[in-house]
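Biologist: I have a model open and would like to learn how to read its features one at a time. Could you walk me through it?

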Amino acid sequence: MASAVVEKRSPSPDKASLDEKVGHDGHVADLTVLEADMEAVGADIEEAIANAENLTDEEVREAAQHILEEHGTDPNFNPAALEIARTYIEDTDLQHRDPVSYRKVYQEMRVEAALILFNSPYAEVRATVDNHDDPTIPANTFRAWVIGLVFVAAGAFINQFFSVRTPSISVGSNVAQVLAFPAGKLLEAILPTASVTIFGQAVSLNPGPFNMKEHMVITIMANVGFGAPYTNYIVFVQGIERYFNMQWARNFGYQILIALSTNFIGYGLAGLTRRFLVYPVHAIWYNNLATIALNRAFHSGRNEVADGWQVSRLKYFLYCFCGMFVYYWFPNYIFQLLSFFNWMVWIAPNNVKLAAITGSVGASGLGLNPIPTFDVNQLGLDPWVTPFYSVVNQFAGAAVALPIICAMWFTNVWQTSHIAINSNAVWDNTGKRYNVSRVIDEQGLFDPEAYRNYSPAYLSAANTLLYGFFFAVYAATISHTFLYHRGEIARGFKSLLRRQGGLSAHKDIHSRLMSAYKEVPEYWYFSVLVISIALGAAGVGAWPTGTTPAVVLYGVFLALIFCVPIGIIYATTNAQVTLNVLAEFIGGSWFEGNALAMNFFKSYGYVTTAHTINFAQDLKLAHYTHIPPRVTFWAQIIATLVSTFVAVGAVNFQLGMEGMCDPENKDHFYCLSIDTFFTASVLWGTLGPKKMFGVGAIYSPLVYFFLIGFALPIIFFFLNKRFTLLRSIHLPVLLSGALIYAPYGINQYWPAVLIGWLFNVYIKRRYLAWWSKYNYITTTAFNAAIAISALIMFFALQYNDIEIDWVGNNIPWVKSDGTRNCDYGKCPLIKLAAGEKFGPVVGEFS
């Protein structure tokens, strides 16, 4: 296999010079045709043509066979290139039947072979990721660690401290990525060039210009360090008097053990899944492309002309950033109807049915609105990053679910007409929020007699169907992954069992470039996993949690089952399936009556899987940007260690604050998210899934969705062989589209379809060079501007309760007389009279 790569050049200003290049068989190459057929810009095509000259016919045939085997059912691979490979391999008579067509196919196959051997098979990756590397560029620098750890400490504190305040605020890693550039340039200007000795090695304080590898190390540290440990939720519901009132949970040792355990188990699993989620070329991880595009805007020295546009990436970023920074003040603060443009509700604000179908605020409406918003922050997904087929599948899932929800609500299936159609809350038989304190005793355990004298738990129409689709998507994830990705998974396991180097089994350009660096041994990650499990078992077992330490292993076992299937789907479609409902369902059934045990199972099952996926995504980010793997390992480990101690310290401090989580707290620390977590703890852990989904329970038919979800990918797998139009249907992604409901609606998908078509279909096909240069920078600029402007608005205005009271801010929620409209007021279809109840009465349920 050829290994030498020709350096990428800027595209020729005059394409005629390329048109005169002669291929291996003497046929003249046409750059315009190649660009269209291969979805590659001029610079990539020129480089591929040069590299193609060094390929043998055998290597070209191997590449074509590889395309058919690896990308035959790959929805992300260019179908035109797939057809070229299929014709080249399967049409054996073409050379004799039509020599002219054969020469064209042969030439294009040679260029395509060079493209996938010396670049990425995907246009999205080629648009942002450099297929060259300079191993001498320093990544493990003093200033990267200083900036990264300062940002991690600040971000972890802000995100934890303000998470329980209303309104809350959070800082994303994109803020750190933007601020890291001026911080790095500042240290570049002021730090001396002297060296210091750290752990026996001489480290330069200022190794030269602040570079993109340093910048990416800081970004990776922010990615892993800005999130607070999920166990902080458990600590809050344990330590606050109005919840479980377990004062021993205020012990810092207990808090830090379970926090470190849940945070670091994900690292161990992520490292062990590199063969499935990081090294394979099909694991694209679309969100990484936007991150890399922003990094490239700050550091790229090239400014190639793109379809007549000469604006540099950095200038384009600044234009978009400044424009969105100014604009976002209007939908978020000054003129909020731009964000919640529920204009049909304004026509008849008391119309319950109209609000239920078209509304989009207050978790009341399903959002069927052709013009629902003028705020990109209201979109349920990123249409610039997410592949268009995935956007359409998610929208289709929401569209399929919408009429089913309406039918359930209008026909009062399972008493849903008594509840607002799209509510995500749990209700009692009087149409009020379920009061979980009425079904538990003083120790927080389930009280059967109190339950029988109160009410069953009821869900809205949307929330009911939501659980069914959750069950379906979990089962579909397993069957779909086996049918479509069993080959990649089998190769990963063979490589693991044979103890082969992970990178050596992959021949793509980035794996070859990364082979220049020392890989992180498997036992490093395995050691992290074992130590983390031990810490978790110690934390659960050494304090009176009423839970077996084995719950840690049970949760990790769930994560082991799902992390690879969920990771593959996320990496290839940018649609993430979360295990929160499944973890609650299994944990509540396994540890019936024990809310705390269910919470621990949920933490070690659902959260561990989510961490594994996120950490694997960061490993791929480092893989794309050619950061030495051992630098990435320690950056992730140390950043998470600092973040965990900071966040747990903040929680410990907050637990000692007067009136914390009190509804009348003077500083607005109302803990609404903790309230929700507590309610879920009691419903799933104390009350238990059997009361809602068990045999004879009100929602027991929803369990059949597991079977439906498992069967659908199998049915479509065989139908795809006969009906090619069905091949664009991705069942797990389509089913996950319905999960937007309760509390959001289809209004969060519809604008994304329009934007996705404009950028990832129309512009990509007609102006590929422009799309390659600017598409991902557009979304990173918008997201960074929204995040930073929201921070300024929060601390300057909203934190001090400074609001603008006028019709442009009020009309989405209230009528002209100041009372709530039906969109915001959560109006049911059937309103109960005072003292009236629905469903079985006391004595008819247990």
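Biologist: Let me start with Q415: how much of its relative accessible area is left, and is Q415 buried, exposed or partly exposed?

Modeller: This is a predicted model, so we are reading computed values throughout. Buried means under 20% relative accessible area and exposed means over 50%. Q415 has 22%, so it counts as partly exposed. Its place in the chain is the loop between α20 (388–410) and α21 (448–452). Q415 also has a positive phi of about 65 degrees, although it is not a glycine.

Biologist: Which value does phi take in W285, and where does W285 lie?

Modeller: Phi of W285 is near 60 degrees, again positive in a residue other than glycine. W285 sits in the loop between α14 (274–277) and α15 (286–299). Its relative accessibility is 0%, so W285 counts as buried.

Biologist: Now a helix pair, please. How does one describe two packed helices?

Modeller: Take helix α22 (residues 461–497) and helix α26 (residues 580–590), whose axes come within 9 Å and cross at roughly 95 degrees. Angles of 65 to 115 degrees count as roughly perpendicular, and α22 and α26 are therefore roughly perpendicular to each other. On the α22 side the contact is made by Y467, F470, F471 and Y474, and on the α26 side by N580, V581, L582 and F585. Sorted by class, this contact of α22 with α26 has seven nonpolar residues, one polar and no charged ones.

Biologist: Which residues of α26 are buried, and what covers them?

Modeller: The buried residues of α26 are V581, L582, A583, E584, F585, G587 and G588. Their cover includes α22, α25 (551–573), α27 (595–625), α29 (672–687), α30 (690–693) and α31 (704–719).

Biologist: At what angle do α11 and α27 pack?

Modeller: Helix α11 (residues 212–225) and α27 pack at about 175 degrees, with axes 10 Å apart. That makes α11 roughly antiparallel to α27. From α11, the residues K213, M216, I220, N223 and V224 meet F615, D618, L621, A622 and T625 of α27. By class, the contact of α11 with α27 holds six nonpolar, two polar and two charged residues.

Biologist: What should I expect of nonpolar side chains in general?

Modeller: In soluble globular proteins, nonpolar side chains tend to be buried together. Here the largest nonpolar core has 251 residues, and Y434 and Y741 have the most contacts inside it. The largest share of this core, 17 residues, comes from helix α34 (residues 768–796).

Biologist: Which residues is Y434 in contact with, leaving aside its neighbours within four places in sequence?

Modeller: With those neighbours left aside, Y434 is in contact with V426, W427, D428, V439, Y451, Y454, S455, P456, A457, L683 and L687.

Biologist: And where is W750, and what does W750 contact?

Modeller: W750 belongs to helix α33. With a relative accessible area of 28%, W750 is partly exposed. Apart from neighbours within four places in sequence, W750 is in contact with N369, P370, P372 and F395.

Biologist: How far from L31 is A356?

Modeller: Their C-alpha atoms are separated by 54 Å, and A356 and L31 are 325 residues apart along the chain. A356 is in helix α19 (residues 352–358) and is buried, with a relative accessible area of 3%. Not counting residues up to four places away in sequence, A356 touches S364, G365, L366, W409 and I421.

Biologist: Next, the strands. In which sense do β1 and β2 pair?

Modeller: Strand β1 (residues 195–198) and strand β2 (residues 201–204) pair in the antiparallel sense over four bridges. For S195, the bridge partner in β2 is S204. The two strands β1 and β2 form a hairpin with two residues between them, and F199 in the turn has a positive phi of about 55 degrees.

Biologist: Finally, which residues does the cis peptide bond with omega of about -5 degrees join?

Modeller: That bond joins T166 and P167, and P167 is in the loop between α9 (142–161) and α10 (173–190). The peptide bond from A742 to P743 is also cis, with omega near 25 degrees. P743 has its place in the loop between α32 (731–737) and α33 (750–766).

Technical notes. Residues are numbered from 1 along each chain as its sequence is written. This is a predicted model: local features need pLDDT of at least 70, side-chain atom pairs count only at pLDDT 80 or more; totals for chains, interfaces and linings use all residues. Side-chain values use heavy atoms; hydrogens and water are left out. A nonpolar core is a set of buried Ala, Val, Leu, Ile, Met, Phe, Trp, Tyr and Cys residues joined through side-chain atoms within 4.5 Å. Buried means under 20% relative accessible area, exposed over 50%, partly exposed in between (1.4 Å probe, protein chains only). Contact means heavy atoms within 4.5 Å. Axes are lines fitted to C-alpha atoms, for helices over the stretch in contact, and angles run from 0 to 180 degrees between N-to-C directions. Angles under 35 degrees count as roughly parallel, over 145 as roughly antiparallel, 65 to 115 as roughly perpendicular and the rest as oblique. Ala, Val, Leu, Ile, Met, Phe, Trp, Tyr, Cys and Pro count as nonpolar, Asp, Glu, Lys and Arg as charged, and the others, Gly among them, as polar. Two strands pair if DSSP finds at least two bridges between them.
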